[in-house]
Amino acid sequence: MRIVFTNEMGFKFFDFEFDKDGGFTKHYMMAKMDKKAVVKTLRKDFEMLLLRYDFSKATVLEKDALQYVKVKLDKGDVYYITSPDCRELVKIQNGSKRKPVVDIWMKDYKAGIPDSLYIEHKKFTFNISSQRVKK
Amino acid sequence: MRKWIWIIACLATTAVRAQSPGFKPAANLEQFKQQFAKTAQQTKSIKSDFVQEKNLSMLSEKITSKGKFWFKKEDKVKMEYQTPSYYLVIINGKDIKTKDSQKENRISAKSSKVFQQVSRITADCVQGNVLNNADFSTKVFENAQFYQLEMTPVAKGIKDYFKKIVLWVDKKDYAVTKLQMQEQSGDDTVMSFVNKETNVNIPDEVFAVK
C-alpha cells in the first residue's frame, strides 16, 4: 500500500509504503519535513488508519451509544470508535482515555465511504485534512 | 498543512519521462532573448484556462485538474482550481490567500521564504521574465514550433523542491504555453495554458486577499 500526499498545485509532501508484512518504506519526504520525529508520527497515524494491529486481543466497550474497540499498544492504546452496528468508523483515537494524543475523524459517509478525513494531533500543531476526490 | 489531496494506490510503475525529443540548442539566442524580454515587457495581464497534469511514478494514470488563471503586473497571480476539487490561491505581492471548499487561509509571504520564491517563479514564468531570475541557470532549446527553456535551480531553497522547470514558448507570439515542474523525486507537474487572452482589463479586486 502506498500513501502519497500532494497539494492541489501538485506539490508532493511525502510518499510512504506499507507492506503486508508490517514493513515500512519512506520513498520520499520533502526536505523541510524530513525529520525522524515527523516520519515516525506520520507512520503511526497511517498505521492506525490502515488497521495494522493485532485485533485478536482487542476488547470491546460501549459508551454513549458508540462502540469502542480497544487495542493495547506498548505505549498507550488505540480506540476505534464506531457506530453501534459497527458499519461506520467515526473516530480513531490514540493515547490514554484522559490524554488523547491523536484524533482521526472520518466524516460525511456516502455509500459506506467517508468523504473527509481529519488527523488532529493534540500535543502540537500538525493537522491533516483530506477529501475524497471524485473523478 | 491544511488542505491536501489524499491519494492511496497500490504500487504501480510508469517510466520516468525523458527530456522532450526533437529539440536542439537555440540557434539565435540573442534574438530570442530580446524578443522574449520585449513580449514580457508588453504583457500587462493574462487571463487563461489551465489544465494541470500530475505524474506520480507510483500511479499509472495522471491526475488532471482544471481551472482558471489570472495574472496582472507586477506581482498578482490568481489560480482557481475547479475540478476535481475546488481550490483557490491568490498571490498579491507579499500576501497569499488560499481557500478550499471548507477553509480560508491568509499567509504573509514575508514569513515564508519558500512562498516568496514560488510566487516569484510563477509570476516570472507566465510573464516570460525568467531569463532575469538569478535563482536559475537557463538553457534554451528549440524545435519548429517552440522554444524550450530548461531552468535548473541554483538557489539553495528551490533546489530542494525542483530538479528543473521547463517552459514551452510559442514561436508565433513568444507566449508561455506550457510549463513543467520536475521534482527531485522524479515526479512532475505539467501546466498547460489554453484560451489565453493577454492585456485584458482585470480589476485589482480580482486579486483581493484581505
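**Exercise 1. Burial and overall form of chain A**

Find what share of the residues in chain A is buried, and decide whether the radius of gyration of chain A agrees with that of a compact globule.

Solution. The model is a predicted one. Step one: buried residues account for 16% of the 135 residues of chain A. Step two: a compact globule of 135 residues would have a radius of gyration near 14 Å. Chain A has 15 Å, so the value agrees with the rule. Step three: along the principal axes, the C-alpha atoms of chain A fill a box of roughly 45 × 35 × 30 Å. Step four: take the contacts in chain A between residues at least 6 apart in sequence; of these, 16% join residues at least 24 apart.

**Exercise 2. The elements of chain A**

State how many helices and strands chain A has, and give their order.

Solution. Step one: the count for chain A is 1 helix and 10 strands. Step two: read from the N terminus, the order is β-β-β-α-β-β-β-β-β-β-β.

**Exercise 3. Strands S4, S5 and S6 of chain A**

Describe how S5(A) pairs with S4(A) and with S6(A), and which residue in each hairpin takes a positive phi.

Solution. Step one: S4(A) covers residues 59-63 and S5(A) residues 66-72; the two pair in the antiparallel sense over 5 bridges. One bridge partner pair is A:Thr59 with A:Lys70, the latter in S5(A). Step two: the hairpin of S4(A) and S5(A) has 2 residues between the strands, and A:Asp64 takes a positive phi near 50° there. Step three: S5(A) is also joined to S6(A), residues 77-82, by 6 bridges, and these strands run antiparallel. Here A:Val71 is opposite A:Val78 of S6(A). Step four: in the hairpin of S5(A) and S6(A), with 4 residues between the strands, the positive phi belongs to A:Gly76 and is near 75°.

**Exercise 4. B:Thr189**

Decide whether B:Thr189 is buried or exposed, and list its contacts beyond four places in sequence.

Solution. Step one: locate the residue; B:Thr189 is in strand S13 of chain B, residues 188-198. Step two: a residue is buried if 20 or more other C-beta atoms lie within 10 Å of its own. B:Thr189 has 24 other C-beta atoms within 10 Å, and is therefore buried. Step three: with neighbours within four places in sequence left aside, B:Thr189 is in contact with B:Gln52, B:Lys54, B:Met181 and A:Gly10. Step four: B:Lys210 is 21 residues from B:Thr189 along the chain, and their C-alpha atoms are separated by 29 Å.

Conventions
Residues are numbered from 1 along each chain as its sequence is written. Chains are lettered from A and ligands numbered from 1 in the order in which they are written. This is a predicted model: local features need pLDDT of at least 70, side-chain atom pairs count only at pLDDT 80 or more; totals for chains, interfaces and linings use all residues. Two strands pair if DSSP finds at least two bridges between them. The radius of gyration is taken over C-alpha atoms; the globule rule is 2.2 Å times the number of residues to the power 0.38. A residue is buried if 20 or more other C-beta atoms lie within 10 Å of its own, exposed if 12 or fewer, and partly exposed in between; C-beta atoms are placed from the backbone. Two residues are in contact if their C-beta atoms, placed from the backbone, lie within 7 Å.
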